[in-house]
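Visitor: I am new to this one. Could you walk me through it?

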Amino acid sequence: MSKKFILIFGGLVLIMLALVAGAVSAQEPCADCHNDTTIITGKETAWAESTHGTGEAYLRGTSAGCAGCHSGGGFSDMVAAGLTPDTVEVGDPNPTRQDCRACHNIHVTYTSEDWSLETTDEVALYAFEDVVFDGGKGSLCANCHQPRRQMEVVDGIVNVDSTHWGPHHGPQSAMLLGVGGALGVESEGRESDHYRSTDETCVTCHVYNDSHTFEPSLAACLECHEEAESFDIEGVQTKVDELLVELQDALVANGLLAGDAENGFHPVVGEYPEAQAGALWNYIFIAIEDSSHGVHNSDYTIDLLESSIEALK
């Protein structure tokens, strides 16, 4: 065996060893997440049971006006571009559900840092002037969970132009801040304790102990409400539900609301005086869209309901 062959063979062996060592080294950061634990599969399983993980709402993501919130890929593109849902100009040709990549910086560093959120910047609510949601990790949610509009009044008349009329889906950030309702109910300084007294707002209750079903946790409530046995703390949900039934009956009787308990209720298209339309708006805002039965902002919710009932008398 020649000396030249030995040198060449030895060099190849060293190169191969270096490549193997490099491959092992490259795999080490990936193992922060891709390992033999349930760190990924557990969260995927929980997410798959959530509203974000089910249904067909993501199909709306092909529309430019919907892509920023209805498609996970569209949401990531919106955040990266510094846009708001109402300024997205191009639909997502391959819409996805709001999955891991929608919220997290997946496969950016290839370490556990990829679990960091895409953004936690404060959010200027685009349907309002000078209203900002600064809710820590919950600010990520507020990018989409905000109203798209306020009620428009022209010469004392409101045009209810669609059975989908209202603030649009997911106005929870506005409810937490105590804004977005109609009939001139005072909103200054109406932020909920769930906004003022929690560091991460939405995440504090809906991702308690890192749960990815996003269902609110009673255990989270016990951190502050030690005696709580349900979400109906101090009877708030019971009172809100009673007021909602009273308002719902009044709206149906006045011809502004149609439907039934099984199939749901929707506004009746038409032109209405501001007081009547405002009562309808508040019903949609609270019962159909916020859907917390008063938990997100009990005082503001009850004031809106009582004002709405009075407006229909």
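Here are some questions and answers about the overall fold and its aromatic pairs.

Visitor: How many helices and strands does the protein have?
Guide: This is a predicted model. Its secondary structure comes to 13 helices and six strands.

Visitor: What percentage of the contacts with a separation of 6 or more joins residues 24 or more positions apart?
Guide: A contact here means heavy atoms within 4.5 Å. Among contacts with a separation of 6 or more, the share joining residues 24 or more positions apart is 61%.

Visitor: Is the pair of F133 and Y195 stacked, edge-to-face or tilted?
Guide: The count comes to two aromatic pairs, by the ring-centre rule. In one of them, the ring centres of F133 and Y195 are 5.2 Å apart and the planes meet at 55°, so the pair is tilted.

Visitor: How many residues apart in sequence are the parts that this pair ties together?
Guide: F133 sits in strand β2 (residues 132-133). Y195 sits in helix α8 (residues 193-196), so the parts tied together are 62 residues apart in sequence.

Visitor: Are F133 and Y195 buried or exposed?
Guide: Buried means under 20% relative accessible area. By that cut-off, both F133 and Y195 are buried.

Visitor: What kind of aromatic pair do W165 and W281 form?
Guide: Their centres are 5.2 Å apart. With 75° between the planes, the pair is edge-to-face.

Methods: Residues are numbered from 1 along each chain as its sequence is written. This is a predicted model: local features need pLDDT of at least 70, side-chain atom pairs count only at pLDDT 80 or more; totals for chains, interfaces and linings use all residues. Side-chain values use heavy atoms; hydrogens and water are left out. Helices (H or I, at least four residues) and strands (E, at least two) are DSSP runs, numbered from the N terminus. Rings of Phe, Tyr and Trp (its six-membered ring) pair if their centres lie within 6.5 Å; planes under 30 degrees apart count as stacked, over 60 as edge-to-face and the rest as tilted. Buried means under 20% relative accessible area, exposed over 50%, partly exposed in between (1.4 Å probe, protein chains only).
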